[in-house]
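Me: I have a structure to look at and would like to talk it through. Could we take it step by step?
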Amino acid sequence: MNLLKKSGFVLAQSCGGNPVMTTVVVMLFALMFNIFEAGVESVIFGHRFEHLLDIFFQLFFIGYAAYAVYCCALFNSFNGIRGKHERSYQ
């Protein structure tokens, strides 16, 4: 669980706290994961097929995108609070 939390906050930090960019990054990661999965299935079985795990993979990526947006909100609120205190001392 700590890995998910850390990756969410690193993603929020790298996107500058922009929730749209974090959602786009997660969507691109999901797209590349699907392409990789299809390639592995083609190499092992000879053709790509639909299975029950595809639904769970997509649900995971949707949930992770929502968590990344939440991390952006925390990142922005932390930077806003820190910015107010720094301005008041100057």
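Me: How much accessible surface does the protein chain have, and what share belongs to carbon and sulfur atoms?
Reply: The accessible surface of the protein chain is about 6,800 Å², and carbon and sulfur atoms account for 74% of it. Such areas come from the Shrake-Rupley method with a 1.4 Å probe, and for residues only the protein chains shown count as cover.

Me: Where do these coordinates come from, and how are residues numbered?
Reply: This is a predicted model, in which local features need pLDDT of at least 70 and side-chain atom pairs count only at pLDDT 80 or more, while totals for chains, interfaces and linings use all residues. Residues are numbered from 1 along each chain as its sequence is written, and side-chain values use heavy atoms, with hydrogens and water left out.

Me: How many helices and strands are there?
Reply: The protein chain has three helices and zero strands, in the order α-α-α along the sequence. Helices (H or I, at least four residues) and strands (E, at least two) are DSSP runs numbered from the N terminus.

Me: What about V26, is it buried or exposed?
Reply: V26, which lies in helix α2 (residues 19–45), counts as buried because its relative accessibility is 5%. Buried means under 20% relative accessible area, exposed over 50%, and partly exposed in between (1.4 Å probe, protein chains only). Of the 90 residues of the protein chain, 21% count as buried.

Me: Which residues does V26 contact, leaving aside neighbours within four places in sequence?
Reply: V26 is in contact with L11, F61, Y64 and A65, where contact means heavy atoms within 4.5 Å. V26 and Y64 are 38 residues apart in sequence, yet their C-alpha atoms are 7.5 Å apart in space.

Me: Which residues form the largest nonpolar core?
Reply: That core has eight residues: L11, C15, V26, A30, F61, Y64, A65 and A68. Helices α2 and α3 (52–89) each supply at least two of its residues, and α3 gives the largest share, four residues. A nonpolar core is a set of buried Ala, Val, Leu, Ile, Met, Phe, Trp, Tyr and Cys residues joined through side-chain atoms within 4.5 Å.

Me: New topic: what about L31, and where is it?
Reply: L31 is in helix α2 and is partly exposed, because its relative accessible area is 46%.
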